[in-house]
Amino acid sequence: MAVLRIPDFSKSNTIDQVGIEERCSRFQTRSIKKETKVQGLKMVLNMIDLTTLEGKDTEGKVKQMCFKAAHLHDIYPGLPTVAAVCVYPTMVKTAKDALGAAKIKVASVSTAFPSGQAPLQVKINDTKFAVDNGADEIDMVISRGEFLKGNYNFVFDEIATIKEVCGKARLKVIFETGELSTLDNVRRASEIAMYAGADFIKTSTGKISPAATMPVTLVMLEAIRDYYYHTGIMIGMKPAGGISNSKLALHYLVMVKETLGNAWLNNQWFRFGASSLANDVLMQLMKEKTGVYQSSDYFSKD
Amino acid sequence: MARLNILKTYKIYIGGQFPRTESGRYYPLLDKAGNTLANICLSSRKDFRNAVVAARNAQGSWSAKPAFNRGQILYRIAEMLEGRKSQFLEELTVQGITLKQAQAEFEISVDRLVYYAGWCDKYQQIYGSVNPVATSHFNFSVPEPTGVVGIIAPNNSSLIGLVSAIAPVIAGGNTCVVLASEKFPLCSVTFSEVLNSSDVPGGVVNILTGKSSELVSHFSSHMDVNAMIYCGNNKEEILLSEQNATINVKRVFVYNQNWMQENAQGAHYIMDAQEIKTTWHPIENIGGGGAKY
C-alpha cells in the first residue's frame, strides 16, 4: 500500500470567492421539472439524515421521529425511506430499538456537540458510548478555537483519535463553517479532516447561522474531488442546516453531479442533514402526483 | 427641453414586497381612446403559490394580535388611504368613470375601512355565546379565523370592490391572497402601497393582478387555502370553484352585490371567514347547585 503523504496544511489551496459564488449561481439556474423532478426528489428523500438535536429531546420524540423515518408518507406508495436518523448519544439505543429491522442507519453526534469544548478524554468516552450503543455513524465536531489559532496538528490528531474509537462506524467530521469565517479556512479544514481519516465531511451543526450554504458546500466538494484525484479515496459530503426546501435540495444535487459525478449521487456518499426538508419534499411529490398545491396540515410534523 | 414623465411600474404585492410576476408576462391596460395606461403583471400560478406561502406565514401572528390592535391597524389603512385621495381619484377617472363617481367610490372605500376597524374587537361578543348544557360544564362558543382566504375581487370596480372584500377578511384575523380586477387593476397596486405603509404586517394581504380565468382553478384547489371568496357572476368559474373546493372542504362564498350601497357591509361578512370553536370546560356542580362562573 502506498504511503499517504500528509501535506503542509498551512499551504493549502486558496479559494477564489468570486468564482465560487459565480459558479453557485449557475447551479441555481437549472430548471428541473416533471419526471426528472420526481426522481430527484425521491433521491433527496433517500439522502436525508432526519435529525433531532435539542435539549428537550425525549425517548418519545426520538421514537416518533424513527417511525416517520421509516414511514414518510404512507399514502404515497413506493417512497424510499430516509438514509439515517441523527440523534444525541443518549438517544442512540432508543433509536436503534425503534428502527428495528428497517434499513435506516443511526447516526450520533459526539465529541461534546455542538461546541466541542471538552477535554479529549470526554470526547473519546462520548464517542465510545455512542458506538457501544450501536451507532452506525458518528458526527464529530472539530475544535474550532484550536483551528483558528492555527493549531492544525491538534485538530488533525483529535480527528484521527476519534476515527480510531469509531471502529466500524463511519465518521463524519463537522467543521461548523459559520465559525471558520473564510472559504480558505473551509478548504483547509476539509483537507485536514480527509487526511486524518474522515469518511464524510459535514458543514455545520445546525446550531449557528449561517449553516450550510452553496459556496461552502462547493468548496468542500472540490476539496473532496482533489483528494480523490490524489489518493483514489472517496469521501462523503453532508451539508447540514438551512436546506429546507426542495428546490434548493435539487440544486445541491446538481452541484454534486457537476462537481463529483454520478458516483457520489447516493446516500453512501451524499447526505442532507435536515429536519424540515423531508416534509417540503413530500409536499412537492404530492403536488406532482395530485396536481394540487399542498398544505402542511396534511403531513405529520415529526 | 421637454421633460419626460416618469411612469409608474405597476407591480404585484407578495409578503410585503413588490415583485414583478415571476412569469415575466404582462398585459397592456388601455384607456377609452385606446392609449396604453400601464403594463399590468399577468400573474402566474407560481406567483399565487408564493403568495399563499406568505399568507400562511403571516397568519399566526396576525390572528394572535389583540383584536383591538387589528382595529387600530385597519383604521390606519383608512387614514393612509385618505392621504392619497388625489392619486386615487386620478386613477379612478383615468380608468373611465366620472370625477363625481370617483369621489363617491373613494369616500365609501375609506368609510368602509373605518366601519370594519370598529368591528374588529366586537363581532366576537355578538356571535360568541355561552350555551346551556345538561352536564356540569361551562360551555361557550367563539368565532376564530379560518386561516388563509383566497379572494377573487370584483371585476367591475377598481377600489370599492377590493376594499369591501379584503376588509372583513382581515378584520377577522385571516390573511388573504387577492386577485384584483382584471379590467380596472390600477387602484389595487396603489392600494397595496397604502397597505405597505400602514402597519399591516407583510403577508397579511397579498395582491396579484391577472386573469381570473387562469387563476381561479388554483385559488380553489390549493390545499392550504381555507376559504374562498368569489366576487362576480361567471357561472363556469363559480361551478369550478365549488367543485375544486371539495378537495380540502374549503368554504366558498359568492358575492355579487353593488358594493357602493350602504348595506353592502356588515359583521356577517366577517363571520363568513370564521369558524366557531366550542369549548366544554368542566366545572364543579355538587348537589344540584348552579354553575359558579
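1. Interface between the chains. In this predicted model, chain B and chain A bury about 890 Å² between them. Carbon and sulfur atoms give 50% of that area. Of the area that chain B buries against chain A, B:Arg45, B:Arg49 and B:Met223 supply 48%, more than any other three residues. The contact involves 10 residues of chain B and eight residues of chain A. The number of salt bridges between chain B and chain A is zero.

2. Largest pocket. Its volume is about 1,000 Å³. The lining of the largest pocket counts 34 residues. Nearest its centre lie A:Lys37, A:Gln284, A:Tyr293, B:Arg49 and B:Asn50. By class, the lining splits into 14 charged, 13 polar and seven nonpolar residues.

3. The largest share is that of α1(B), with eight residues.

4. Over all chains the count is 34 salt bridges. A:Glu137 pairs with A:Lys172, with the closest N and O atoms 2.7 Å apart. A:Glu137 sits in strand β4 (residues 137–141) and A:Lys172 in strand β5, so this pair ties together parts 35 residues apart in sequence. A:Glu137 has a relative accessible area of 1%, so it is buried. A:Lys172 is buried too, at 0%.

5. A:Asp139 and A:Lys238 meet in a salt bridge at 3.1 Å, N to O. This pair links distant parts of the chain, 99 residues apart: A:Asp139 is in strand β4 and A:Lys238 in strand β7 (residues 236–238). A:Asp139 is buried at 0% relative accessible area. A:Lys238 is buried at 1%.

6. The network. Salt bridges link A:Asp49, A:Glu137, A:Asp139, A:Lys172, A:Lys202, A:Lys238 and A:Arg271. Both pairs above have their residues in this network.

7. A salt bridge in another setting. A:Lys56 forms a salt bridge with A:Glu54, the closest N and O atoms being 3.7 Å apart. A:Lys56 is exposed, with a relative accessible area of 66%. A:Glu54 is partly exposed at 33%.

8. Cis peptide bonds. A:Phe113 and A:Pro114 are joined by a cis peptide bond, omega about 0°. A:Pro114 is in the loop between β3 (105–110) and α5 (120–132) of chain A. The bond from A:Ser209 to A:Pro210 is also cis, with omega near 0°. A:Pro210 is in the loop between β6 (200–202) and α9 (214–231) of chain A.

9. Positive phi. A:Thr111 is not a glycine, yet its phi is positive, about 55°. A:Thr111 belongs to the loop between β3 and α5 of chain A. A:Thr111 is buried, at 0% relative accessible area. A:Ser181, also not a glycine, has a positive phi of about 60°. A:Ser181 is in the loop between β5 (170–174) and α8 (183–196) of chain A. A:Ser181 is exposed, at 65%.

10. A:Glu146. This residue is in helix α6 (residues 144–149) of chain A. Its relative accessibility is 18%; buried means under 20%, so A:Glu146 counts as buried. Beyond residues up to four places away in sequence, A:Glu146 touches A:Asn151, A:Phe154 and A:Val155.

Conventions: Residues are numbered from 1 along each chain as its sequence is written. Chains are lettered from A and ligands numbered from 1 in the order in which they are written. This is a predicted model: local features need pLDDT of at least 70, side-chain atom pairs count only at pLDDT 80 or more; totals for chains, interfaces and linings use all residues. Side-chain values use heavy atoms; hydrogens and water are left out. On a 1 Å grid over the protein atoms alone, a cavity is a set of points where a 1.4 Å probe fits but cannot get out, and a pocket is an open set with protein on both sides within 12 Å along at least five of seven lines; lining residues have an atom within 4 Å of a point. Grid points are joined across faces, edges and corners, and a volume is the space filled by probe spheres set on the points. Helices (H or I, at least four residues) and strands (E, at least two) are DSSP runs, numbered from the N terminus. Ala, Val, Leu, Ile, Met, Phe, Trp, Tyr, Cys and Pro count as nonpolar, Asp, Glu, Lys and Arg as charged, and the others, Gly among them, as polar. Buried means under 20% relative accessible area, exposed over 50%, partly exposed in between (1.4 Å probe, protein chains only). Contact means heavy atoms within 4.5 Å. Buried area is the accessible area (1.4 Å probe) that two parts lose on being put together, summed over both. A salt bridge is a side-chain nitrogen of Lys or Arg within 4 Å of a carboxyl oxygen of Asp or Glu.
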